[in-house]
Amino acid sequence: MWTWKHHALALALAGASAGAQALDLIDVWQAAREHDAAYASARASWEAGQEKTIQGRAPLLPQLNASGDYTRNKAERPAGIGRYRSASAGLQLTQTLFDWSRFAALEQGRQATLIADDQFKNAEQELILRTAQAYFDVLLAEDTLEFTRAAKDAYAKQLEQAKKSFDVGSATITDTYEAQASYDSAVASELAALNDLEVKRNKLALQTGVSANRLDPLKAKVPLELPSPDSADSWVRQAEDGSYALAIRRKQLIVAGKQVDISRSGHLPTVSLVAGYNDRTSTQLASVDTRGGSVGVQITLPIFSGGLAQSKVREARALEEQARQDLEDARRQVEQATRTAYLGVTSGAAQVTAREQVLASSKSQLDATRLGREVGVRTSVDLLNAERKVYESRRDLAQARYQYLMARLQLAAAVGQLDRKVLEGVNQLLQARQSTALASAQPKPKPGKQ
C-alpha cells in the first residue's frame, strides 16, 4: 500500500536529480508529517492517551477472578503416618457499588484522553510552524546568496573599471583600493551565505526527509492582508476559547481537583457486591467433595491510617493550587503571544510596505549616484555605498516578507485555527520554480589583485 513514507522517499530521490520538480510548502509539510520525530512522538503519546478512559472505567466494571490449589499432605496418626490429598477451585465476582476514589478516577481518565487530544492538535500546529519557518529560512538564505552574488558581480565590474581608469591616469589608486575592498568583502559574504544556505537546507531535510535544494519561491508581490477582526482584544478573546495550551491547562486543573476527591475518599467507606463459588475435595479420612456458593455485600471503613489520608489530602490541595496557577500563567502567556502575533501581522505588513519604499528609494539613489559619477560629482566610494544599500534593501525586504507570513501563521496558531487550510492560503503565495535550482558550488574565483 502506498503511504506518505513512500511518497517522501520518492520526493527525496526526485530531488537528487538536476531536473527534479520543485517542492512547495504543502509538499514539505506532508513529508514532515511522516518524518518529523517530534510529531511522531506526539502521535504515539496521543495513542497512549486514548487508553486512559478505558483504564479509568475498568475498576467500576465487574471483576471476575478464578483461583485453585492442589496439595499433597502427610499427617501423623495414632496408627501411623497417613497421606492424603486436597484440592480446591473457585470463582469470585466483585462489583463495586460505592467507591468515591474510583468514580473520581473515571473522570480523571476521561480528562486525560481529552488532554491527549489537545496535545496532539497542538503538536500538529507546532509542526506547521516549524516546517514553515524552516522553509522560509531556506528561501531567505537563497535570496541572501543571490543578492550577495549580484553585489559581488557589480563590485567586480567596478574593480575592473577602477583598474583601467588608474592605468590611464583618470583615477587614483584609492578608487582601486576601495573597489578591491568592496569586492573582497562581497566574496567573504558569499562564502558565509553559502554556508548558511547549506545549514538551512540540512535543517529542513532532517525535519522532512526530502531534499531542500528546489523549493518554490515567494511571488514577487505578496498581498498584505490585515487581521480580521482588526482588534487585538478580539483575538485575545478568541484565544481564550480556542487555544490548545489553555484547554490543556484547564483539563489538568480538573484532573488535580479529582485527585483531591480521591485523597478525601481515604476517609470514606467502600461498598462492593461479592459473589463466589467454591469446590473443595479432600481425601484425609475419606473422599469428601464440598461445593458451595455465596453472595454478599462487603463494606470497608477506614478508621486510622497513621495520618496518611490527611497528608494526601493536603498534598492534593497544594497540587490543585499549582495547577490553578499554571492555568493563570498559561493564560497570560497566550495573551502575550496573541498580541505579539497580531502586532507581527499589522506591523509586519507596514514593514513590508516601508521596505518596498526603501528599496525603490535606494534604486533611485543608485541611478543618481551612477549619473553623478559619470559627470564627476560623485566618487567611486559613493557609487559603492549606493550599490551596497540596494542589495541590503533587497535582503531586508525579503526578510520582512517572510516574517509577515510567519506572523500570520502564528496568529492562527494562537487561537487554535492553524490547519491545512490556513497553510494552503500561504502556499498560494508561492510560485512554481521554473529555473534550475540555486547552485551550491563554490563561488567564482575572484580577479587577482594587481
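Helices here are DSSP runs of H or I with at least four residues, numbered from the N terminus. By that numbering, Pro-229 sits in the loop between helix 6 (173–208) and helix 7 (232–242). The structure is a predicted model.

**Helix 8 against helix 9**
- Helix 8 covers residues 244–264 and helix 9 covers residues 308–375; their axes are 8 Å apart, at an angle of about 170°.
- Angles over 145 degrees count as roughly antiparallel, and helix 8 and helix 9 are therefore roughly antiparallel to each other.
- The contact of helix 8 with helix 9 is made up of 13 nonpolar, nine charged and four polar residues.

**Helix 5 against helix 10**
- The axes of helix 5 and helix 10 cross at roughly 170° and come within 10 Å.
- Helix 5 and helix 10 are therefore also a roughly antiparallel pair.
- In the contact of helix 5 with helix 10 there are 20 nonpolar, seven polar and five charged residues.

**Annotated span**
- An unreviewed UniProt entry places a "coiled-coil region" at residues 313–340.
- In the model, residues 313–340 are 100% helix and 0% strand, with 40 Å between the end C-alpha atoms.

**Second largest pocket**
- The second largest pocket holds about 430 Å³ of space.
- It is lined by 22 residues, of which Ala-245, Val-334, Ala-337, Ala-413 and Ala-414 are the closest to its centre.
- Helix 5 (100–168), helix 8, helix 9 and helix 10 (380–414) each contribute at least two residues to the lining of this pocket.
- The most comes from helix 9, which gives 10 residues to the lining of the second largest pocket.
- The lining of the second largest pocket divides into 10 nonpolar, eight polar and four charged residues.

Notes. Residues are numbered from 1 along each chain as its sequence is written. This is a predicted model: local features need pLDDT of at least 70, side-chain atom pairs count only at pLDDT 80 or more; totals for chains, interfaces and linings use all residues. Side-chain values use heavy atoms; hydrogens and water are left out. Axes are lines fitted to C-alpha atoms, for helices over the stretch in contact, and angles run from 0 to 180 degrees between N-to-C directions. Angles under 35 degrees count as roughly parallel, over 145 as roughly antiparallel, 65 to 115 as roughly perpendicular and the rest as oblique. Ala, Val, Leu, Ile, Met, Phe, Trp, Tyr, Cys and Pro count as nonpolar, Asp, Glu, Lys and Arg as charged, and the others, Gly among them, as polar. UniProt positions are given in the numbering used here, feature names are shortened, and annotations may be inferred rather than shown by experiment. On a 1 Å grid over the protein atoms alone, a cavity is a set of points where a 1.4 Å probe fits but cannot get out, and a pocket is an open set with protein on both sides within 12 Å along at least five of seven lines; lining residues have an atom within 4 Å of a point. Grid points are joined across faces, edges and corners, and a volume is the space filled by probe spheres set on the points.
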